[in-house]
Amino acid sequence: MPDGALGFVVADGEPVAVVKILRDEALLAGSIICIQIPHLELIPQAMLAMMNATILNLVLLNTAGYAYEPVLGRLQNTTEIPFEEELLFWDDSKTPKESEAYDSSLKIREIVKQLEESHESNLQDIMQLKSSVVLDPSQAASLVAALKQQLSLVQGPPGTGKSFIGALAAKVLHDHTNEKILVVCHTNQALDQFTQDIRKVGVKDSQIVRLGGVERTDPANHNLLLSSLRVDGAYHSSRDSRSFVKDIERQVLDESRRIDDLYRDFTSLDRLRDYLDELALKGDPKYSQAFEISLEPNGNTRVTEEGTAGDRHYLLQRWIDGKDPGIFPEKKKYTDVWGLPPQQRKEQLTFLEKAENHDDLLSQARNANGQVTEQIIRSKRIIACTTSGAAKYPQVLSEAPGIIIVEEAGQVLESHIVTALNPTAKQLIMIGDHKQLRPFGYDLNRSMFERLVLKGYPHQVLAQQHRMRPEISDLVRQLTYPDLIDAPKTQNRPDLRGFSDNVIFVNHDQSEDTAEDPTTVNVRTSKRNTYEAEMAFNTVKYLLQQNYHASSIVVLTPYLGQLKKLHEVFGREVETVLSDFDVKNMEKNGLIEDSTEVAQISINEPVATTTTYAKANTSTTTSAPKPKIQISTIDNYQGQESDIVVASLVRSNPDHDIGFLSSPERLNVLLSRARNALILIGNAETFKSAHTGKETRTQLFSLLEEGKHIYQGVPR
């Protein structure tokens, strides 16, 4: 039950309120679920329905609403979209417009000219890079498009260096324009990697701010976070603002404790009902009848004891003063309101006043925090955040960044890009690959990037891959990228030690776990295969015995259920490295109660570089720290790579059901993560006879059979 999740409160079968979950560990320990009803005016009606209900249920939405809420809020306030000619009305008979940066900067035009005339020239001097950089023809053409066009698309197949091209573009635009640059990605992981790429090409940390929380950010980027920064030249102002915020937060805590004490004084449903009626003083129509003054049917006006007309505040003031309805005796029928003794009326007013004061203090703290954030953002040239973050922080768009760079754009929902654009944006660079994983959420799976490519908008394709040895790249070339070229550095690499092949499909006929298995956890939610988990562990253990570093190995699987099983099996002898994203997804899907169930280690923590295993024994004989092996879902590993990939495919059943592994995009990501060796563990018969994804699956196994890469057991 993640913090910020959305749900419905259902009273006797009827939904009465949309609520937000506030994950308070202390309350959960006492089996108390804290919820928040977002709109004050809905509280009385919802609370009354809950009090009177015989059966009360809380239904959680499967969708991570807290991730979409900022974007949906931004969409409600969006009135105009920049680049509308390109994004909405593109005519492929036209040519892309030139960017303002290219038109106005002599240096950018000089760089573009050099790239167009000779892609083989060293860019180190002209771009003031830390080391020598020579681009291949497709990389040079892609960088030219990114710098020259108002809107540019760069498609980067696996291993072609699309993030590097994006980082170079960011550096040139940073160095030779005065524009603020907004860098956005769909995930924190992709954003951290892209931010580090920008730093590596020479953009100073002092020019970058990374929006987000410490728990979701790569430790290597922690010094770029808002919480770690001060505003140059305005330190005292920033320090005073933070001090003010801390003081307000202390007041909020004190006030919340007083409110809690008052709330506990409402010891019965009747007194809680009284509180709801008090909220009617705020004007809720359903509960305001007790204080409503209607026009007299004969046109007369009732006169008070003082000889004045009874105005709209008459009844409310008498109630506050502890009196009866006076000249409106018919109001006495609202006994829940007018029957309260003066002391209870006073208690309720005190409760309401303190609640209002609490909200006011919170608003002050938010405003002060916003001012600090705005100060810091204003002092930076490059703002890096997720697409949700761009919608969440209004200070980002208020600074009107003129240049927006979207990394992994093929995985970003169109609406997320729209909300990251401000009306005065001057240049949009989208870098991605629509042939890898698509966007996910609400069954929307086509990105703006893919839509524009299919519509015919000119785009550059990076053609040379620098990651995979030819035996591996041949698989993705035959399946997805027929024009993909192997860079010279991918040739003549050493063979995998201790194995007779560098591409291996280990075939087996052991069934995946079923609901009848006593060890199965939540099979309905996610599949798992204990046999494959054990085989993956023994394979990794054997690799370590060949003196491969733990840091050179990653274990991938498509299913969260299998990820948990791998964690359990590997945890007997090694430490597992999981990303925050995978752990959160396991928690969300009910595979773990909370993240404390998984001994999570930061993905960026140094891993053991030397470990000795006893080859004659299944147990380790080492005094060194346990090796740390990274395990991940396939979807969460897009954009990353490893020397050796061991993958558990999980599905093995007589129905030949392979689930979402039929997706060619997911298969493409799986096959393209390894640099030097790829070991797949699965049931070939299940995949070859599957009813879905036939074309890609048939072609893959034909390639594996032709290359003699399918083995009955691990080939040594």
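Reader: In which strand is Ser632 found?

Author: Strands (E, at least two residues) and helices (H or I, at least four) are DSSP runs, numbered from the N terminus. Ser632 sits in strand E17, residues 628–633. This is a predicted model, where local features need pLDDT of at least 70, side-chain atom pairs count only at pLDDT 80 or more, and totals for chains, interfaces and linings use all residues. Residues are numbered from 1 along each chain as its sequence is written, and side-chain values use heavy atoms, with hydrogens and water left out.

Reader: Is Ser632 buried or exposed?

Author: Buried means under 20% relative accessible area, exposed means over 50%, and partly exposed is in between (1.4 Å probe, protein chains only). Ser632 has 3% relative accessibility, so it counts as buried.

Reader: Which residues does Ser632 touch?

Author: Contact means heavy atoms within 4.5 Å. Leaving out residues up to four places away in sequence, Ser632 touches Val555, Leu556, Thr557, Leu563, Asp582 and Tyr637.

Reader: How many residues does the largest nonpolar core have?

Author: A nonpolar core is a set of buried Ala, Val, Leu, Ile, Met, Phe, Trp, Tyr and Cys residues, joined through side-chain atoms within 4.5 Å. The largest one here has 43 residues. Those with the most contacts inside it are Met127, Leu135, Leu143, Leu147, Val183, Ile198 and Ile405. Helix H8, residues 162–176, gives the most to this core, with seven residues.

Reader: What is Ile405 in contact with?

Author: Set aside its neighbours within four places in sequence. The contacts of Ile405 then include Gly166, Ala170, Val183, Phe194 and Ile431. Another core, of 36 residues, lies apart from the largest one. Among its members are Ile376, Ile377, Cys385 and Tyr393.

Reader: How far apart are the end C-alpha atoms of helix H7?

Author: The expected span of a helix is 1.5 Å times one less than its number of residues. Helix H7 covers residues 137–148, twelve in total, and should span 16 Å. Its end C-alpha atoms are 16 Å apart, which agrees.

Reader: How many residues of H7 are buried?

Author: Nine of the twelve are buried, so H7 is largely enclosed by the rest of the structure. Among the buried ones are Ser138, Gln139, Leu143 and Leu147.

Reader: Which side chain meets Lys148 in a salt bridge?

Author: Side chains of opposite charge can pair when their charged atoms come close. A salt bridge is a side-chain nitrogen of Lys or Arg within 4 Å of a carboxyl oxygen of Asp or Glu. Lys148 meets Glu116, at 3.2 Å from N to O. Lys148 lies in helix H7 and Glu116 in helix H6 (residues 106–117), so the pair ties together parts that are 32 residues apart in sequence. Lys148 is partly exposed at 22% relative accessibility. Glu116 is partly exposed too, at 47%.

Reader: How many salt bridges does a search of the whole structure find?

Author: It finds 30. One of them joins Glu568 and Arg528, with the closest N and O atoms 3.4 Å apart. Glu568 lies in helix H21 (residues 560–570) and Arg528 in the loop between strand E14 (503–507) and helix H20 (530–545), so the pair ties together parts 40 residues apart in sequence. Glu568 is partly exposed at 33%. Arg528 is buried at 2%.

Reader: Which residues are linked with Glu568 in a network of salt bridges?

Author: Asp513, Arg528, Lys564 and Lys565 are linked with Glu568 in that network.
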